Amino acid sequence: MLDVVESALIRCPTPLLSATAAALAPRWEDLVHARQPAEPARGDAQDEAAEEEEQLVLYAAARAVSQLGGRYGYAFAVDPDTQPNAQYFVAQLTRMAEETGFALACTGDVAALTSLAPGRRLTRTPDRAVPSRSLVLGKLAPGDLRAFRKLAVSRCGAPLSAALRLGLSRQVAETVATPGPEGADWVVLGARARRKLQATSDVRDRRRHAAELFDAWPPDGWGYLRRSQLAVLSGDRSRLRGQHPALLAGYAVIGREWLQRHVAALAVATAASGADSRTTQDHQIAAHLTAARMAERLRPRGRASKEAARHLHSARQLSVHPVERLELTAELANAFANQRTPRLLARARELYVEGLRDTPTVGDAVQRARLEIALLNGLALVDYIEGANESALQLEERAEEIAFALAEHHPKLARWAIPLVCLNTAKLLTVRFNDRRAAIGKLTTALSKISSPEESDQIRSYLAYLYFAEGRYMDVIQVLDCLCPENELRNTMDEFQDRLLMATAQLRLGNIAACRVQLDPLRVVASRVGSDGAMSAFDVLSKAVRSVDSAHDLEPHR
């Protein structure tokens with residue numbers, strides 16, 4: 001994505017592209033204090049709200065690039081493991097390119113591209129995304145061959161300046177140079193050449209080569225981001241520490257999956273350093289926790305759950321604080337339960353039961369309540385998956401009782417606990433007991449305790465869904481009204497569903513003018529969500545409104 005935006009900015013600079021580039025990631029020159037080495041900290045894991053910001057920036061990037069029109073185009077590679085943010089960007093750019101004529105080409109797995117942008121036609125399918133010159137390895141001088149072995153560790157190639165620093169001769173460099181994303185010359189090796197060059201290198205060689213290429217690669221501009229995976233490949237703790245603050249800043253909006261890989265490597269490198277001090281263990285725990293909590297960005301999803309469990313297990317083993325160990329017990333059990341295999345569900349149950357057994361030892365009443373709620377809710381999930389519905393309901397109601405008891409004296413904790421427990425209880429009642437009215441009662445009680453729109457949005461969304469299913473359209477409108485202001489958009493699928501439900505309820509009640517008010521916000525949010533399903537739903541609603549308008553026009557005037 002950085003390559004697309006930077007290439008577009010070099011060839012056709014526009015104010016929108018410049019603003020988008022600045023929002024995607026800071027450049028090395030702007031980092032200042034973030035250039036200094038630092039150890040991982042527990043606060044490194046980013047807030048979930050960042051995903052909404054990421055989509056908004058990527059939407060703007062796709063819009064800015066597509067506006068260049070039919071004189072420009074881009075060729076990119078895609079495969080089944082393409083990360084979520086890249087999937088979103090490709091889908092948006094493909095959809096917008098249909099309107100503007102911007103040319104797109106793909107190399108790699110065309111089936112994967114079709115899944116990202118179904119029904120849309122590629123302009124062409126080139127043999128490779130980046131043009132390169134042929135390379136005859138047998139005719140290279142020893143110094144050039146050594147340089148190419150080091151360059152082979154990078155799948156995306158490297159700036160020509162880095163290749164020259166590795167010892168590549170100027171004569172050979174000029175024959176293989178190709179235009180790079182920064183507008184400078186790059187060296188990009190084909191997959192076959194890379195395989196041949198790496199066949200003579202063992203793991204230690206490749207780590208050393210990655211470290212040398214990392215050092216030779218200028219960090220200027222977005223170079224510090226492009227070279228970051230070389231430090232990961234090297235496994236060298238000093239290089240990983242050296243780039244840690246810069247990556248936290250550079251990957252604040254996009255690229256969190258790359259940040260996860262960096263932090264995971266830092267955890268391993270810290271453990272391998274041999275130091276066993278309490279401070280070093282704290283750094284390890286912080287790195288493992290960050291890697292675990294950011295693992296959900298990895299693909300395929302099965303890998304994400306396994307990676308989270310692996311790092312949580314390591315952090316739990318290292319922790320010596322009783323409360324933290326219980327917190328990690330709950331998180332690890334959740335990671336096992338989410339994989340939903342019989343063996344891991346059994347292991348999750350063991351951990352939940354173990355945690356509940358140990359919570360009475362926690363002296364602080366608020367901490368104890370928070371842990372009990374998390375563990376009871378997790379154990380209820382295991383029962384739910386295994387079909388023990390009555391047991392799951394009993395556990396959720398025990399957690400609910402604790403959550404409601406917190407409301408008066410500990411409102412901050414209650415604002416976390418009540419939506420969590422009441423939503424799960426309501427869904428359990430709806431799905432497994434077919435009791436929508438009881439579920440509505442649970443959510444109505446919860447809403448009386450947590451009423452602000454920012455903290456009750458999930459409660460309101462599910463309550464509106466249940467009201468709609470019961471045909472209580474006026475209640476749908478009342479409960480969603482504060483979530484759907486006309487002039488304030490959140491740009492998420494949840495918001496799209498809320499607005500669609502509200503508009504449809506207005507349509508069912510015959511409030512056509514009120515329904516029409518939601519059409520413009522719905523169109524914008526559907527466009528930013530970027531899914532064909534959202535656009536199709538919007539089209540259906542728009543046609544329904546037009547049909548009603550046409551029927552009114554055909555009525556005889558009196």
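Good morning. The model is a predicted one, so local features are reported only at pLDDT of at least 70 and side-chain atom pairs only at pLDDT 80 or more, while totals for chains, interfaces and linings use all residues. Residues are numbered from 1 along each chain as its sequence is written, and side-chain values use heavy atoms, with hydrogens and water left out.

I begin with confidence. The predictor's confidence in each residue, pLDDT, runs from 0 to 100. The protein chain has an average pLDDT of 88, and 91% of the residues score at least 70. Residues 124–132 stay under 50. For this stretch the model has 21 contacts beyond four places in sequence, a contact being heavy atoms within 4.5 Å.

Next, the interior. A nonpolar core is here a set of buried Ala, Val, Leu, Ile, Met, Phe, Trp, Tyr and Cys residues joined through side-chain atoms within 4.5 Å. Buried means under 20% relative accessible area, exposed means over 50%, and partly exposed lies in between, with a 1.4 Å probe and protein chains only. The largest nonpolar core has 65 residues, of which Tyr352, Leu443 and Leu480 touch the most other members. Helix α22 (residues 411–433) gives this core its largest share, ten residues. Helices are DSSP runs of H or I with at least four residues, strands are runs of E with at least two, and both are numbered from the N terminus. Leaving aside residues up to four places away in sequence, Tyr352 touches Ala330, Ala333, Asn334, Ala337, Leu375, Gly378, Leu379 and Val382. Another core, of 44 residues, lies apart from the largest one and includes Leu31, Leu68, Leu259 and Ala287.

I turn to the sheet. Three strands form an open sheet in the order β3-β5-β4, with antiparallel pairing; two strands pair if DSSP finds at least two bridges between them. Because β3 (158–159) and β4 (177–179) each have a single partner strand, they stand at the edges, and one side of each is left without a neighbour in the sheet. Between β4 and β5 (residues 185–187) there are three bridges, and Ala177 stands opposite Val187 in β5.

Strand β5 also contributes to one of the four aromatic pairs in the structure. Rings of Phe, Tyr and Trp (its six-membered ring) pair if their centres lie within 6.5 Å; planes under 30 degrees apart count as stacked, over 60 as edge-to-face and the rest as tilted. Trp186 and Trp217 are edge-to-face, because their ring centres are 5.5 Å apart and their planes stand at 90 degrees. Trp186 lies in β5 and Trp217 in the loop between α11 (203–216) and α12 (223–226), so the pair ties together parts 31 residues apart in sequence. Trp186 is buried at 3% relative accessibility, as is Trp217 at 1%.

Which backbone angles deserve a look? Most residues other than glycine have a negative phi. Val32, which is not a glycine, has a positive phi of about 55 degrees; Val32 is in the loop between α3 (28–31) and α4 (50–66). Arg340, also not a glycine, has a positive phi of about 60 degrees, and Arg340 is partly exposed at 48%.

Finally, the cysteines. The structure holds zero disulfides, a disulfide being a pair of cysteine sulfur atoms within 2.5 Å. For Cys482, the nearest cysteine sulfur is that of Cys484, 8.2 Å away.
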